[in-house]
Amino acid sequence: MKKQENIKFNLLKINTEEFAKFEENFELNVEQKNNYSFGFNFDNNKRLLFWGFEIESSCNSNLFLKGKFSFVFQFSIDSWESLKQKDQIVFPKNLIAHVSMLSVGTIRGILYEKLSKLSTPLSNYILPLINLSEIITEDVVINLNDTEAE
């Protein structure tokens, strides 16, 4: 693999695709369960990485928060080319973890803004910290000849 010195990219778009809150199901002093899922795709021609994140949070098995968010990152030409190897593109695990953590931090801010002005206990909810570098443990290697990336 080529050595990645400094991969340059910009966050182009943030989208809240779905957001629902069920204030009556939230209890401040009760353990909260958070289920997350995330994934990404890319557009090789436009040098874009699409990252999506979904969350469902509940108390006592009662859903109190649901969200679906998406992000679009664009890479510089040189950086994108440095990720390519023959007929593959290799996203280093540290890059994917970095993009993921940037996105989750942004989601935390979005949720704070949506919830903090409520006059219910849900206004105190802050999305817990998630160490995605423990989840993302391998480089993501995608064959550029495939029509879809996962």
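Which residue in E3 does Tyr-36 stand opposite? I looked, and Tyr-36 faces Ile-55.

Ground rules first. This is a predicted model, where local features need pLDDT of at least 70, side-chain atom pairs count only at pLDDT 80 or more, and totals for chains, interfaces and linings use all residues. Residues are numbered from 1 along each chain as its sequence is written, and side-chain values use heavy atoms, with hydrogens and water left out.

I find E2 (residues 32-43) and E3 (residues 48-59) running antiparallel, joined by 12 bridges. Strands here are DSSP runs of E, at least two residues, numbered from the N terminus, and two of them pair if DSSP finds at least two bridges between them. The hairpin has 4 residues between its strands, and Arg-47 takes a positive phi near 60° there.

Entry, open sheet. I traced 3 antiparallel strands in the order E5-E6-E7. E5 (84-85) and E7 (140-143) are the edges with a single partner strand each, so one side of each has no neighbour in the sheet. E5 pairs with E6 (residues 88-91) over 2 bridges, and I see Lys-84 opposite Ile-89.

Entry, Asn-143. I place Asn-143 in strand E7. Asn-143 counts as partly exposed because its relative accessibility is 28% (buried is under 20%, exposed over 50%, partly exposed in between; 1.4 Å probe, protein chains only). Leaving aside neighbours within four places in sequence, Asn-143 is in contact (heavy atoms within 4.5 Å) with Asp-87 and Gln-88. I also noted that the Asn-143 side chain reaches the backbone nitrogen of Asn-145 at 2.8 Å. Val-90 and Asn-143 are 53 residues apart in sequence, and 8.9 Å apart C-alpha to C-alpha.

Notes
A polar contact is a pair of N or O atoms within 3.5 Å; within protein, one must be able to donate a hydrogen and the other to accept it, and residues adjacent in sequence count only if both atoms are side-chain atoms.
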